[in-house]
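This report describes selected parts of a structure, one region at a time. The sequence and coordinates come first.

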Amino acid sequence: MADGPLIVQSDKTLLLEVDHEQADACRKAIAPFAELERAPEHVHTYRITPLALWNARAAGHDAEQVIDALIGFSRYPVPHALLVDIAETMARYGRLRLEKHPLHGLVLTSTDRAVLEEVLRSKKVQPMLGERLGDDGVAVHPSERGNIKQLLLKLGWPAEDLAGYVDGEHHPITLAEDGWELRSYQREAAEAFWHGGSGVVVLPCGAGKTIVGAAAMAHARATTLILVTNTVSAHQWKQELLRRTSLTEDEIGEYTGSKKEIRPVTIATYQVMTTRRQGVYKHLELFDARDWGLIIYDEVHLLPAPIFRMTADLQARRRVGLTATLVREDGREGDVFSLIGPKRYDAPWKEMENQGWIAPADCVEVRVTLGDEERLAYAMAEAEERYRFCATTPSKTRVTEALVRRHPDEQVLIIGQYIDQLDELGEHLDAPVIKGETKVKERERLFQAFRDKEIRVLVVSKVANFSIDLPEASVAIQVSGTFGSRQEEAQRLGRVLRPKSGGGGARFYSVVSRDTVDQEFAAHRQRFLAEQGYAYQIIDADDVLAGD
Amino acid sequence: MSTDFAEWLRARSDEQLRELVALRPELITPVPAHVEGLAGRASSPSAIGRVLDRLDRFTFAVVETIAVLPSPIACAPLRDQVARALPEAPGAADTATTDTTAAATATPITAASVFEARFRETLDRLRTLALVYGPDEALAPAPGVREVLDAPAGLGPPAAEVFRHHHRERLAELIEDLGGTGDSREELAALLADRETLTRLLGEVSPQARAALDELAWGPAGGRVPNARREVRLAAAQSPIEQLLARALLGATGEESVVLPREVGLFLRGGRIHRDLSPVPPPLGGVERDRARVDLTAAGQAFAFTRAVEELCERWSADPPGVLRGGGLAVRDLKRVAALLDLPEWVAGLIVEVAHAAGLVAAGGAVDGEWLPTPGYDAWKVRTTEDRWVALATAWLTMDRVPGMIGERDERDRLRSALHPDLRHPAAPEVRVTTLNLLAAAAETATAETAAHEAQETRAARGRGARKTAGAIVPAGAAGARTTVPAPTPEAIRERLAWEQPRRRGAHRDRLMEFTLREAEQIGITGLGALSGHGRALLPAAPGGEGGSRTASAAELLAPLLPEPLDHVLLQADLTAVAPGPLTGELSRWLALAADVESTGGATVYRFCERSIRRALDAGQGADEMLAMLERHSTTPVPQPLGYLVADVARRHGRMRIGTASAYVRCDDPSVLDEVMADRRSAPLRLRRLAPTVIASKTSRATLVDSLRAMGYAPVAESLDGDVIITQLDVRRTEGPPQPRGPVTFTGPDADVIAAAVRAVRAGDAAHQARRRPVDAPAGQVPRSPASATITALREAIRQGSQVWIGYLDSQGNATSRILEPARMEGGYLTAYDETRAAVHRFALHRITGVSELQA
C-alpha cells in the first residue's frame, strides 16, 4: 500500500501529515482545490468545498488533476463516491458562460443545453434575461451581470465570466522600486490577478498585501478606487502608495468621514460607503464619480453586505480582493466568488515563514486566579457583567506589570477592551493610552513615537483592531478582549505579530482569569491560534510573579 | 391435454427427466403421481410462464417461432424461419457474389456457423425443458405454450380468432369486398393468408393507411380507435382506418380497439417473425479500468461503508429513533442519519437497511418502539473490518429489501419509509446477483475476446485461410493475469439483461438493476464501475470460486487492501489527536472515552475538551494515567496545552462530591456520634461519619432508626465508601436476539430429491400404465424395528429405489402391512408408492411400526 502523506476523510477534509517527506509536493498539488483550514504542528487540515473546486477550475485545473493528486498522495484508498462528487462538482463550472456578443451585448451561453434550460426555468433568473438567442444562448441585461452570477452560483451552475472589462480612465502608475523590490510572491500574485481579470489574492497577515495592490495598479495603469476597512487604514494605504509608487500626494484622494476627495486614486472606507441617510446610500455616486479602471477591496473577508450589492453593479470593472482568509463568519464566500472573482493566488504560507517574510510567534496564556472574595462577587454578578468583572480583575494589572518587566528591551503593546482598566494600566506603567476619544492626529503621533522607539509601552483599546501597522511591537499583552467573532479577534492578534527588523520572534501574552467565562473565550482563541500554527502554552500567573 | 406430449415425456430417459425436473423444480412440488400428471403440470400456464421467464432472447424467439408456425414443423424450415430474423441472414451470405475474397466472407460464414450451433443447442435445450417436443421432423410446442404466448413476437392473433365475433352477414360482406365468396371466418382467414390478395389490398389503401399498418407491423399489434366496430363497406370507406377495417386488414377486438391479424402482420414483416435477432448476447464491453485501482477504490469504499454502519449503530445506541406506527423509520430520522454521516439520503437509507438486514439493528425497547442495535452488533463490532464488511455485503446481496425506493410514494400515495415492512421486492436479490454476475461475466468475456483476438493474430501470422472458430478456449489463468477490468455502462447491462431475460424485462427490473449498480458502488463491491476482486468472491456462482470458502476468500482478498490498525496518534496543540488510520481496539475505545470524534474517514480526528476529559475522569481514569496513556501512544511529545488541560480539569474534578444516602444521623454533640461509631453493634449499619456532626447510612431510615433504638439511641446517611460513582454511557440494546429474515437462496432441489422424484413419477406411472392390481402383502407381521432403524432403512430404500415391506398403523389404529416404493421423506412423512393400494400415499413416520426388506 502507498504510504502517502495525505488522508482523505469522509467529510471531504484532507489531513496532511507535515512531517512526511512528500508533504511539500502534496501541499503544492492540493492547494489549488482545497482550502487550508487548520495548520497546527503535525497535521494540517484542508477542506474540499464546491467553491474551492470551482476556484481550481477557474485557475485552469481539471478534475483529472484533482483526482490524480488525491489518489497519488493518499495513504488509503479514496472513497469512490468522493471522487465522483469532485468530478461532478467541477464539471459544473463553466457549463454556463457570460460572454460579450457583438450584436446582443451580454449573453449567457452554454455548451450543455439541458443546463441552460434548467437555469432558464428558475423564476428568479427569468427577469434578468432578455431574448433567447438560438438554442444555446440568451441575452442578459447588462445591469444584471453581477446578480445573475450570484444566482447561478446559488443554483449550483457557476458561470464563467468572459465578458471582459472596460479599460477605465487611463492614469499612469508605476512602482517606484528604489531601495526595495517586489517580493517574488507579490509579483506572482499581481500577475495572476491581472491574467485572471478579476479575483481574490489570499496572503497571510504581514505578507504585504498593500504592495500587491500597488502592483495591481501598476498593471492596470488606470484610475483606481480602493475600499478599506477604516480611516487609519486609509491613511496607511496612502502612505504606502506614496512610498511604493510614482503617485504623488495630489493624485491620491481620501474619501472618509472627514474628507471627501475624489482623485485619480481614491481611498474610501467601507463605513462611509455604507452610511445611509433616510434609507439611501448617500455616497453611492462615488462609484460613478470616475470611470474607474480598477477597484481594490482590502480585507475581503470583512466586506459588508451592502458593498456586495454595490459590487454587483460594477462587474464590468476589474476588481481585486485582498485577504488573509477566504473563510467568512457569515458564510458569504459564495458572494466573494461570484462578485469579486475566484481565488487567483494563494501564498504558500509555510514557505513564506521559512523565508522570513512573516514572523513566527509564541503565544502564552497566563492564568490568573481570582481571590476568594472576587470569586464570590463573580458568582453573584449579573450575567452581562460577568465578563467585564473577570476580565478587569486587579490581579491582572499586577501580572501585566510583571510581564512588561520581563521584557525590558522590547516594544510592548497592551491591548484591552475596558477603558477603566486601560487607564489604570497606563497609570501604573506610565504609558500613554490610545482609546476611542483620542484624536486621529494624536493617535498617529503616538504610533509614530512608538515606531521610533520613543515610547516603549503603549496601551491601546480596540481602535487598534484593524490595519494599523506597528512593526516594532514584539510583545503584545492582551488583558481583555472582545468576545465576539473569534475570527475577528484572532485576526487582530495576528496583526501585531509582524516581522521584526531584528528578525526575532514575537510574543503574545493573554492574561486570563481562571475558571471564568474569560477562560472560555481564551479556549476559543487558543484553538484558533494553534490551528494557525502558532506555538501555544499556558502558564500560571504565580509562575510569572515568582520569576519576577 | 395432449397425450402425444405425455407419451413423448414417458419416452424420455430417466436421465432426461431428472434434467427436466432439476431445471424446473416446480414440476415436482409436490411430486406428481405419474407421467401424465407430470405432463399436466408441465403444461400449466404458471409452470410455462416460469420457465419462459428464464429463457434468453434467442431461445425465446425460437419458442415464439414454433408457436407462430403451424405444428408440427420439421427442423429445417424452422431453422430457415429463425435464420431470416438474423440481422445478416446466412442465406444472404450464400448468394453473395463469389468474387469477394475469402477474408471478406469469413465473417458471415463464421456467423452462420455460430448460428447453426446455437440453433441446435437451443432446440435441445427446449426439449430438455419440455417446452418443445417431438422428433426433429415434427416439432411442436408443448401444450399450453401457445396459450401463454398471447402475442408471440408482438404479432396479433390469427384472423380466424380476430373475426370470431363477427356475425355471418358482416363476414360475407368482408369476404365479398376482398373479392372472395363465403361467409365463414375460415374463408376470410384463407383470403388473408394469400400473398397475392394481400399485395393487392395493400396496394389499394392510402399512404396514411399504409403508414398506420407499418406502425403496427412490428408490434404491439393492437391499437385504439374510436368506434372500432363500425361496419364499413369498401365503397363507403373514407378515413385510413375505415379503409383498413373494410378490407379486414384490421379487425375490431373491442369498442375502441383494433388489432392487426397475424397473417397480415407476417406479410408486412416480409415473412420474418423477428428482426435483428442475435444468437449471441450483445457485448458488455466498457471502459477498461486498472484492476488494482478498481480493487483499491472499492476497498476504500468498503472501509467507509463499514465505518458508516458502525457510526450509525453507535449513534442509535445512545439516541435511538422511534419506530413509526406502521413500522419503519421517520423521514426526519433518516435525514438526521444523512446529516450525521454527511451522506446523501439514499445512501443513508441503504446503510440503515443493510444494518437491519445484517441483524445489527432491530426494533426494540419499550413495546418495540425504538430502533436499537442488537446484541449481534456487539459481536459484529469486535470482528475485523473485512469480516464486518463481508457480513454487510452478504446481507445486502441476499436481502429482499429495496432501499432505493425510500422516499418514493407507493400505489396508495403513502411515502415509503426506510425499514418499513413493505419496502421489499421479491426479485431484488435475484436481480442483484444477476447484475453482478453480468459484471463478472463481462470481465470473463473481455478476457475471452482478448485471448481470441490474440489467437487470431497468431493464426493470421501463420497463414491466411484458417477459420476463426467461435468460443476460443481461454487459458484458465487469463482472467487473473489481466491488469484491467471493464466497467460496463448501465445501458450495456440493461441491454444484456434484456437479451438474457426478455420476458422479465420491465421498468421495475431496470430500476432494481440501477439500484444494484449504485448500491454496489457505495458498499464497495464494485469500484469505478467494475467488479472488484473481493466483490466477485462474494457472488454465489462466482466462476472459479470454491464452494463454502467463498465468503472467507472475499475477506481474504479485502484484508490486504484495508488500512492496518495503528497503536499511535498525533497530538497537537489545538487539542486534537489525529489517528492516521484505524486504531487498535484498546486505544480506540480509550480515545472514544477521553475525546470527541470530529471527523472520520481513512483517519480519525479526535478533539479533547473539558467535557471529554471529565467524561474519562468520571469513568475512573486518573489524570496521571491519562497523561501516561497519551505519552505512550503519541509519537511526538504531548503538547503543553493538552497536558495543562488534563491537569486543570482533574484539579477541579471531584472537588465537590455527591453521594446517595437513604438516611442520615445528625447530632449537635459530636461525642454522641463518636460513641455510635465506636459501638460494634453499629457495624452492620455501615455508617459513615461525614462531618463531626453528621453520619450517613445506606440502610433505610426505618432500619437505621430501629437499629439505633436497639442500641439505645434515638435515630439517621452519603456514599459509605466515599467512592465516586462510576457513570457510564447509557448504551441500550434490544432484549432478544435479532430475527433477520433468512437469506433467500436460489439453489434448486438437490440431486437426491430430483432422482427420487423422477423415480416416484416413474413408479407411479408404471402403476398407472399397467393399471395393475394391488399386490397382496405377505402374510405375517412385519418385525418391529426401532424408529432410527426404520428411518435408516427407508432412506436407504429411497436411495436405491427399492421396495420395502412395512408395518403401518392406519388412522383407525389397525395394524396393516404394505409394500411400498419409498420416494421422499420429509417433515415426518414418507411419500411412497403403495403397491398394495396401487397409488402414491403419504405415511406418517411415527405410525410405521417396522420395516423389512422384501424377499424377492
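## Model and chain contact

The model is predicted. The contact between the chains draws 28 residues from chain A and 29 residues from chain B. On the side of chain A that touches chain B, the elements giving two or more residues are the strands β1 (6-8), β2 (13-17) and β25 (535-540), together with the helices α4 (80-92) and α21 (517-531), all of chain A. By class, the residues on that side of chain A are 14 nonpolar, seven polar and seven charged.

## Strand β10 of chain A and its partners

Strand β10 (residues 199-202) of chain A runs parallel to strand β17 (residues 318-323) of chain A, and four bridges join the two. Within this pairing, A:Val201 has A:Leu322 of β17(A) as its bridge partner.

β10(A) also pairs with strand β18 (residues 343-346) of chain A, here through three bridges and again in the parallel sense. A:Lys343 in β18(A) is the residue that stands opposite A:Val200.

## Helix α13 of chain A

How far is helix α13 (residues 333-340) of chain A enclosed by the rest of the structure? Seven of its eight residues are buried, so the helix is largely enclosed. The buried residues of α13(A) are A:Glu333, A:Asp335, A:Val336, A:Phe337, A:Ser338, A:Leu339 and A:Ile340.

The cover over these buried residues includes the helices α2 (50-58), α6 (145-155) and α12 (305-312) of chain A, and the strands β10, β16 (294-297) and β17 of chain A. Just after α13(A) comes A:Gly341, which has a positive phi of about 140°.

## A helix pair in chain B

Two packed helices are described by the angle between their axes and the distance between the axes. For helix α11 (residues 168-177) and helix α12 (residues 185-192) of chain B, the axes come within 9 Å and cross at roughly 25°. Angles under 35 degrees count as roughly parallel, and α11(B) and α12(B) are therefore roughly parallel to each other. Their crossing is left-handed.

From α11(B), the residues in the contact are B:Leu171, B:Leu174 and B:Ile175; they meet B:Arg185, B:Glu187, B:Leu188 and B:Leu191 of α12(B). The contact of α11(B) with α12(B) has five nonpolar and two charged residues, and no polar ones.

## A three-stranded sheet in chain B

Chain B has an open sheet of three strands in the order β16-β18-β17, with antiparallel pairing. From one strand to the next the twist averages 30°.

Helix α32 (residues 670-678) of chain B packs on this sheet and touches β16, β17 and β18 of chain B. The direction of α32(B) makes about 155° with that of β17(B). Between β16(B) and strand β18 (residues 694-697) of chain B there are four bridges, and the two strands run antiparallel. One of the paired positions is B:Ala663, whose bridge partner in β18(B) is B:Ser697.

Strand β21 (residues 829-834) of chain B is mostly covered, with five of its six residues buried. Strand β20 (residues 815-826) of chain B pairs with β21(B) in the antiparallel sense over six bridges, and B:Met825 has B:Leu830 of β21(B) as its bridge partner. The two strands form a hairpin with two residues between them, and B:Gly827 in the turn has a positive phi of about 60°.

β21(B) pairs with strand β22 (residues 839-844) of chain B as well, in the antiparallel sense and over six bridges. B:Tyr829 stands opposite B:Ala844 in β22(B). The hairpin of β21(B) and β22(B) has four residues between the strands, and in this hairpin B:Ala838 takes a positive phi near 55°.

B:Ala767 lies in helix α34 (residues 751-770) of chain B. Is B:Ala767 buried or exposed? A residue counts as buried if 20 or more other C-beta atoms lie within 10 Å of its own. B:Ala767 has 21 other C-beta atoms within 10 Å and is therefore buried.

B:Ala767 and B:Tyr833 are 66 residues apart along the chain, and their C-alpha atoms are separated by 8.8 Å.

Definitions and conventions: Residues numbered from 1 in each chain as written. Chains lettered and ligands numbered in written order. Predicted model: local features only at pLDDT ≥ 70, side-chain atom pairs only at ≥ 80, totals over all residues. Pairing = 2+ DSSP bridges. Axes fitted to C-alpha atoms, helices over the stretch in contact; angles between N-to-C directions. Contact = placed C-beta atoms within 7 Å. Nonpolar A, V, L, I, M, F, W, Y, C, P; charged D, E, K, R; others polar. Buried ≥ 20, exposed ≤ 12 C-beta atoms within 10 Å, placed from the backbone. Parallel < 35°, antiparallel > 145°, perpendicular 65-115°, else oblique. Left-handed = near helix turned anticlockwise from the far one by under 90°.
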